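Biologist: I'd like to talk through some aromatic rings with you. Can you put the structure up first?

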Amino acid sequence: MDRFIFFIICVAFFTATVGNAQDRVTTLSLEEAIALATRENFTLRAAQFDYQATRANEITAGLIPNPALSYMAEQLGEPEKNKDQHTFILGQVIETGGKRGRRLDSARAATRVAGHTLAGIQQQIVFQTKKAYSDVLTSKAALDLADQNVKSLGEIEQIQRLRANKGDISELELLRIQVQQFAFQRDAADARQSLQAAKIALRAVSGPDRIADDYDVTGKLDFRDFTFSRLDLYNLARANRPDIRAAEAGRERAQADNNLARANAWWDITPQLEYRKDGKFDSYGVGVSVPLRVFDRNQGEIARTLADARRVDATYQATIIQAQSEIDTAFGAMLTERQKVTLLSGTYVPKAQQARQTVEFAYRRGGASLLDFLDAQRSYRETSLDYVRSIGNYWTALYQLELAVGGSLIK
């Protein structure tokens with residue numbers, strides 16, 4: 001019986017392990033990567049708990065002060081006279097000046113600040129996901145290009161090796177082709193390393209527990225043109241950017257804190273009920289306790305919150321300027337990369353490809369020199385690789401621009 005139970009436990013454990021392994025993602029699209037990142041990323045999850053902790057302060061701010069109960073026993077040393085006195089006093093603080101409402105205003109403003117901060121962290125995670133995904137596609141495209149170059153030059157090298165064995169060309173010419181082949185092989189090795197690093201980064205930000213170690217991404221690295229107005233980008237940033245909205249909420253919180261500091265200058269009233277047992281006699285009484293605000297009228301806290309409100313206002317203006325600066329930088333980078341992609345795709349890549357094909361055709365038939373052939377190969381390799389990198393840089397700049405305005409720009 002014990003062996004049977006042990007067998008059932010082992011089977012259940014094995015089934016759960018296999019099931020968890022099968023649940024891990026093996027192919028990943030951009031939308032799936034973003035969905036996983038917003039659900040599984042531990043940095044974002046920590047920020048969500050921080051937001052919940054800040055929001056819990058609203059509960060504390062809305063609580064009514066607890067009542068106070070005091071007890072006093074007197075004349076306990078004369079039991080023969082039966083004169084023991086026992087006094088109970090119950091008091092309840094009544095806050096004046098709207099302290100509770102203003103505490104709630106301050107706590108709710110702090111929650112709004114934390115909420116916008118959380119949104120900013122989420123947008124940063126989404127940007128990292130998009131950039132890592134774009135890096136994977138760029139590396140895959142660079143690897144495909146390098147493999148094509150290696151294959152093409154390898155075919156030439158095989159033909160020229162046969163010609164060298166027959167004595168039609170010199171061994172030096174064959175050697176120079178083989179040396180050039182190493183450059184293409186190096187490009188392929190660099191692309192594989194870059195691809196591996198990009199996939200590790202994407203897996204780390206999207207959820208390492210949900211993505212298989214050996215996974216692939218779907219999609220293709222292509223160029224899509226977008227037109228934006230700088231003024232429209234500024235307006236989008238003011239409306240959507242989390243740090244700007246957090247700064248606005250910070251101004252509201254600073255004003256709420258100043259109002260609370262002024263409310264705390266008011267004295268609170270504590271009505272009291274008293275019950276006294278004096279020997280065989282009972283008596284009751286009422287009273288009130290009021291602090292005398294003679295010296296401390298909360299002047300220091302009022303001055304501090306007023307200075308803090310001015311600081312937050314200056315911070316808000318600085319945030320606006322910083323946002324516009326980041327928009328200008330990302331927008332300029334996007335325009336530069338777009339120009340590069342347009343020039344390379346429309347002019348230089350086709351020309352480099354045509355030159356390589358023409359020179360290769362002539363070289364195979366002895367109508368072009370080895371130097372011309374190698375130069376055409378290098379030109380095509382460098383131009384094509386620049387084109388792939390420019391597309392990747394273009395998408396990175398576009399995603400950076402989205403982060404700068406605080407919202408998606410791709411419809």
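Biologist: Is F88 buried, partly exposed or exposed?

Modeller: Quick heads-up: this is a predicted model, where local features need pLDDT of at least 70, side-chain atom pairs count only at pLDDT 80 or more, and totals for chains, interfaces and linings use all residues. Residues are numbered from 1 along each chain as its sequence is written, and side-chain values use heavy atoms, with hydrogens and water left out. Buried means under 20% relative accessible area, exposed over 50%, with partly exposed in between (1.4 Å probe, protein chains only). F88 has 35% relative accessibility, so the label is partly exposed.

Biologist: Which kind of aromatic pair do F223 and Y394 form?

Modeller: Rings of Phe, Tyr and Trp (its six-membered ring) pair if their centres lie within 6.5 Å; planes under 30 degrees apart count as stacked, over 60 as edge-to-face and the rest as tilted. For F223 and Y394 it's 4.9 Å centre to centre and 55° between the planes, and the pair is tilted.

Biologist: How many residues apart in sequence are the parts that this pair ties together?

Modeller: Helices (H or I, at least four residues) and strands (E, at least two) are DSSP runs, numbered from the N terminus. F223 lies in the loop between β4 (211–217) and α6 (230–240), while Y394 is in helix α9 (residues 370–405). So the separation is 171 residues.

Biologist: And Y394, buried or exposed?

Modeller: Ring pairs link Y394 into a cluster with F223, F226, F228, W395 and Y399. Y394 has a relative accessible area of 0%, so Y394 is buried.
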